[in-house]
Amino acid sequence: TQADVATPKRTRDIIAKYGFSFKKSLGQNFLIDQNVLRNIVEAAELDKTKGALEIGPGIGALTQHLAETAGRVTAVEIDQRLIPILHDVFQGTENVHVEHGDVLKLDLRGLLEQQFVGLTGVSVVANLPYYVTTPILMKLLEEKLPLENIVVMIQKEVAVRMAAKPGGKEYGSLSVAVQYYCVPELVCTVPHTVFIPQPNVDSAVIKLKLRDKPPVEVADEDHFFRTVQASFAQRRKTIANNLSAFIGKANRDKVVPLLEGCGIDPARRGETLSIVEFAAVSHALQQAGF
Ligand code: SAM
């Protein structure tokens with residue numbers, strides 16, 4: 001076993017040794033707290049029969065914990081300057097593979113197939129760069145990758161929106177999108193003092209357990225998500241008004257009977273509708289030719 005990467009001293013030593021300078025534009029905030037790392041890894045329910053895909057390993061703070069717990073770790077890092085550092089840190093650690101690339105552009109399905117042969121399941125575990133959290137998570141979910149869990153540190157406010165239930169101001173199209181694919185659970189909130197450099201937002205760890213199938217059958221997912229987006233277009237407006245704008249003013253008299261046909265009061269707001277109700281509305285709109 002080697003010395004912990006994620007201590008303030010070792011992190012500063014590595015940074016000094018390689019003359020590394022943080023790039024804010026890449027969301028580089030490195031973890032320096034062993035307890036937070038243990039909580040993240042524990043939430044992912046890994047063991048030696050499982051694989052971990054890490055996004056953005058930095059200098060390897062989380063990678064090291066994953067390597068101890070999982071059968072194999074593949075870590076995708078965009079910053080070329082970190083690749084030789086990671087190779088040094090994990091020299092001799094046989095179950096760690098470092099992949100240089102932009103996670104948003106990589107063929108992740110191909111990478112998973114190539115990297116995790118023979119393992120019984122794969123989880124994504126990461127302290128994500130905050131500037132691209134939502135695009136990364138939506139890519140993982142929309143590509144329907146064969147994942148068991150996604151456990152990620154993200155901006156607290158985004159975590160709260162992902163886990164929000166209908167009826168509150170946090171609930172929106174992001175909540176519906178995430179909950180269509182996963183069951184979310186907030187694991188813990190994390191103070192900004194556990195990072196170098198410290199971010200100026202609060203962070204949280206969220207666990208997304210992938211569903212075997214969505215909570216409701218949706219014939220046309222693209223239409224479903226466009227209906228959801230439209231329903232939240234202007235949050236102060238009723239669902240009837242938002243959907244009128246969606247299908248065109250000329251058809252607005254069709255919206256109220258359509259909603260009533262779904263058992264939904266047209267005076268409600270989008271933020272009160274459940275995923276099952278959005279699916280019913282999307283289906284009814286399609287049946288009516290919209
Ligand atoms: N895992 C490390 C830790 O916890 O200390 C670093 C986390 S830091 C918040 C985010 C990392 O993601 C950085 O190393 C950054 O270079 C990397 N990164 C940013 N954008 C990326 C992208 N599109 N694809 C892959 N890695 C990315």
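The legends below describe close-up views of a predicted model. In this predicted model, local features need pLDDT of at least 70 and side-chain atom pairs count only at pLDDT 80 or more, while totals for chains, interfaces and linings use all residues. Residues are numbered from 1 along each chain as its sequence is written.

View 1. Seven strands form an open sheet of mixed pairing in the order S4-S3-S2-S5-S6-S9-S7, where strands (E, at least two residues) and helices (H or I, at least four residues) are DSSP runs numbered from the N terminus, and two strands pair if DSSP finds at least two bridges between them. Strand S4 (96-100) and strand S7 (182-190) stand at the edges with a single partner strand each, so one side of each has no neighbour in the sheet. From one strand to the next the twist averages 20 degrees, with angles running from 0 to 180 degrees between the N-to-C directions of axes, which are lines fitted to C-alpha atoms, for helices over the stretch in contact. S2 and strand S3 (residues 72-77) run parallel and are joined by five bridges; Glu54 stands opposite Ala75 in S3.

**View 2. Helices packed on the sheet.** H6 lies across S2, strand S5 (121-127) and S6, and runs at about 170 degrees to S6. Helix H7 (residues 156-163) also packs on the sheet, where it touches S6, S7 and S9, and its direction makes about 30 degrees with that of S9; residues are in contact if their C-beta atoms, placed from the backbone, lie within 7 Å.

**View 3. The shell around the ligand.** Of the 23 residues around the ligand, those that come nearest are Phe30, Gly56, Gly58, Asn127 and Pro129, a residue being near a molecule if its C-beta atom, placed from the backbone, lies within 6 Å of it. Strand S1 (30-31), helix H3 (61-69) and S3 each supply at least two residues of this shell. By class, the shell has 14 nonpolar, six polar and three charged residues, with Ala, Val, Leu, Ile, Met, Phe, Trp, Tyr, Cys and Pro counted as nonpolar, Asp, Glu, Lys and Arg as charged, and the others, Gly among them, as polar.

**View 4. Two annotated binding-site residues.** An unreviewed UniProt entry places the feature "binding site" at Asn29, Leu31, Gly56, Glu77, Asp102 and Asn127; positions are given in the numbering used here, feature names are shortened, and annotations may be inferred rather than shown by experiment. Asn29, in the loop between helix H1 (8-18) and S1, is buried, with 23 other C-beta atoms within 10 Å; a residue is buried if 20 or more other C-beta atoms lie within 10 Å of its own, exposed if 12 or fewer, and partly exposed in between, with C-beta atoms placed from the backbone. Not counting residues up to four places away in sequence, Asn29 touches Phe195, Pro197 and Pro199. Asn127, in strand S5, is buried with 27 other C-beta atoms within 10 Å, and apart from neighbours within four places in sequence Asn127 is in contact with Leu31, Gly56, Leu62 and Met153.

View 5. Most residues other than glycine have a negative phi, and most peptide bonds are trans. The peptide bond from Ile196 to Pro197 is cis, with omega near -20 degrees, and Pro197 lies in the loop between strand S8 (195-196) and strand S9 (203-210). Glu45, in the loop between helix H2 (34-43) and strand S2 (50-55), has a positive phi near 50 degrees.

Methods: Contact = placed C-beta atoms within 7 Å.
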